[in-house]
Structure formats: C-alpha cells, structure tokens
Amino acid sequence: MTERRAFFRSCALALTGLLTSRTERLLAVTGLDSGPEDPEVPNQEVARILKQLFGDRPIRRGHVQLDMPIVAEDGRVVPVIIESDLPMTDDRYVKGIHLIVDHNPDPHLAAFHLTPAIGSVSISTRIKMKRTTWVRAILETSNGEV
Amino acid sequence: MINDIGEARIRVPDQIRRGDLITVNAIVSHPMDTGFFRTAEGDPIPAYFIKDVVVTYGNQEVARFEWTSGISRDPVVSFTLKADKEAPLTMVWSDNKGASFKQSVNISFISA
C-alpha cells in the first residue's frame, strides 16, 4: 500500500500494471525495473487504440487502483478490480473506464460507461489473459481529463 | 448453477437504507466464445459473446458496458450504486447474435 501512495502524484489518472503468471498485485510502473517491454511505449496496436479513444490528450498517472490476483491460476478467468478515489458527483464524475490488455487479440477488452448515479468507481469482473502482458485501466472524467 | 445461456442473476444487499452506496453483483450465463478456437473436428467455433450491457435504475440509464470476447465465460460484473430511490434495477445483456437477456431486482428500503 505504501509504495502505491508514494508513487501517486496529484491529478494523474491512468495506471498500468504488469500481470505475470505469479502476479504482483498492482504494480506502479516506476516501481518496476524489468518487464517484457516498457509500458510507456505501447505497441502499435495499443497506441492506435489509445489515440482513437483519447486523441492527443495526455494520459496521466495515479488515482486508479488496478487489482489482480497474486496467482492467476486460470488464464481464462482472471479477476480484475478497478477502483478510484475520483469523485462521482453530478458535475465531476468518471464517465468511462477502459480496460486494455496488451497482446490480447483485441486489446481494448472492455469499456465501462458510468454516470454519477453509480456513486463510486469500483468495478470488478473477470477477463481472459493469454500471457504475461500489460493491463491498463484508463479512466476518463466528465470534463475530458484522462 | 446457471446452465442455460442468458440466465442471469442480480444480487443486491438484503437490507438497504435510502442513500446507501450498495454493491451490485450480476452474472449471466454465456459462453463468451472468442472465435479463435476450433472443435475437435477442426471446425471453427464462431465468436459468440455479450457485447453490450445496459443498467437501468427506475427510468434512468445509470451505466452501460461494452464488452469483447476477452471477458470470461459466464461474465460477472460488480459495481456500486447510490440507492436513492425505491425502483427496479434492470440489466439487459445483448450478444453479437442479436439476442438480449434481461433481469431485474427491486430496490426497496428498510425503515432505518
């Protein structure tokens, strides 16, 4: 928990985590010194998806927790929990959560469109993962921040 | 055990007070086939998955999810909801073959 807190900067909104077959729980990107690729440099397909979704808006870090199991026993059913402390009020709320899994056949795995009535950002589901890869949870707020 | 495609269940807490932030758990039975697999005979199994979920509370759409076949078989989802009115909570799951599955629960309050 403390590493996460130390990592978060103010007003940042995106988070990437590396899922390995023995998964570490929610890795802050700067805490990792090794991995298959640098998540800062998404592969071409992911870059295309990010551009399509967010244009040239900078994707900032922080405010998002992406939890996945310590051990992904079955790659067909991997629990994912996305939480955020960002507000869900009528004038400022998270309107979209995009789940992107690099190297999955369709990396833009899911989108969750929300309204203030949802009350908080705490979404969980189960996804399929083929291999060690980056999992990104990117939130978009009602005022266009990403 | 849910067996038939489209059988869905929505769970909300038993006791809800007006204004509570509740957690909603929902599951629908569906193969969520990716289209990348073949049968033992080699015939392709076509992509067959839930692609849209619409959540309605009373007469208001409160959430909408877009899924791909990357979501696991018999997809579960959980999310929160501000229980500010006594009204039905309805979910409609639609798949890529045009079928829709609907389930509803009533949100009602215990007197605090």
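**One sheet across two chains**

I will start with one pair: A:Glu83 has A:Ser122 as its bridge partner, in strand 6 of chain A. Strands here are DSSP runs of E with at least two residues, helices are runs of H or I with at least four, and both are numbered from the N terminus. Two strands count as paired if DSSP finds at least two bridges between them.

Some bookkeeping. This is a predicted model, in which local features need pLDDT of at least 70 and side-chain atom pairs count only at pLDDT 80 or more, while totals for chains, interfaces and linings use all residues. Residues are numbered from 1 along each chain as its sequence is written, chains are lettered from A, and ligands are numbered from 1 in the order in which they are written.

Confidence next. pLDDT is the predictor's confidence in each residue, from 0 to 100. Chain A averages 76, and 71% of its residues score at least 70. Residues 1-37 of chain A stay under 50, and the model has 69 contacts beyond four places in sequence for that stretch. A contact means that two C-beta atoms, placed from the backbone, lie within 7 Å.

Now chain A as a whole. It has 2 helices and 7 strands, and along the sequence the pattern reads α-β-α-β-β-β-β-β-β. Of its 146 residues, 40% are buried. Buried means 20 or more other C-beta atoms within 10 Å of the residue's own, exposed means 12 or fewer, and partly exposed lies in between, again with C-beta atoms placed from the backbone. If we take contacts in chain A between residues at least 6 apart in sequence, 72% join residues at least 24 apart.

Back to the opening pair and its sheet. Strand 3 (residues 78-84) and strand 6 of chain A run antiparallel and share 7 bridges. How does the sheet continue into chain B? Strand 6 of chain A, residues 121-127, pairs in the antiparallel sense with strand 5 of chain B, residues 76-82, over 2 bridges. A:Thr125 is partnered with B:Val77, and A:Ser124 stands opposite B:Ser78. Within chain B, strand 5 and strand 2 are antiparallel over 7 bridges; there B:Ile27 faces B:Val76.

Put together, 6 strands make an open, antiparallel sheet in the order 2(A)-3(A)-6(A)-5(B)-2(B)-1(B). Strand 2 of chain A and strand 1 (8-11) of chain B stand at the edges with a single partner strand each, so one side of each has no neighbour in the sheet. Neighbouring strands are turned by 15 degrees against each other on average, direction ignored. The axes behind that value are lines fitted to C-alpha atoms, for helices over the stretch in contact, with angles from 0 to 180 degrees between N-to-C directions.

What does the contact between the chains consist of? It takes 24 residues from chain A and 24 residues from chain B. On the chain A side, strand 5 (108-114) and strand 6 each supply at least two residues. That side divides into 12 nonpolar, 8 polar and 4 charged. Nonpolar covers Ala, Val, Leu, Ile, Met, Phe, Trp, Tyr, Cys and Pro; charged covers Asp, Glu, Lys and Arg; the others, Gly among them, are polar.

Other pairings in chain B. Strand 3 and strand 6 (residues 87-95) run antiparallel, joined by 7 bridges, with B:Thr56 opposite B:Thr90. Strand 6 is also joined to strand 7 (residues 100-107) by 8 bridges, antiparallel, and B:Met91 has B:Gln103 as partner. Strands 6 and 7 of chain B form a hairpin with 4 residues between them, and B:Gly98 in the turn has a positive phi of about 95 degrees.

Which residues other than glycine have a positive phi? One is A:His63, at about 65 degrees. A:His63 sits in the loop between helix 2 (44-54) and strand 2 (64-67) of chain A, and is buried because 22 other C-beta atoms lie within 10 Å. Another is B:Met32, near 50 degrees, in the loop between strand 2 (21-28) and strand 3 (50-57) of chain B. B:Met32 is buried, with 22 other C-beta atoms within 10 Å.

Last, B:Gly6, in the segment before strand 1 of chain B. B:Gly6 is partly exposed, with 16 other C-beta atoms within 10 Å. B:Gly6 and B:Asp95 are 89 residues apart in sequence and 9.5 Å apart in space, C-alpha to C-alpha.
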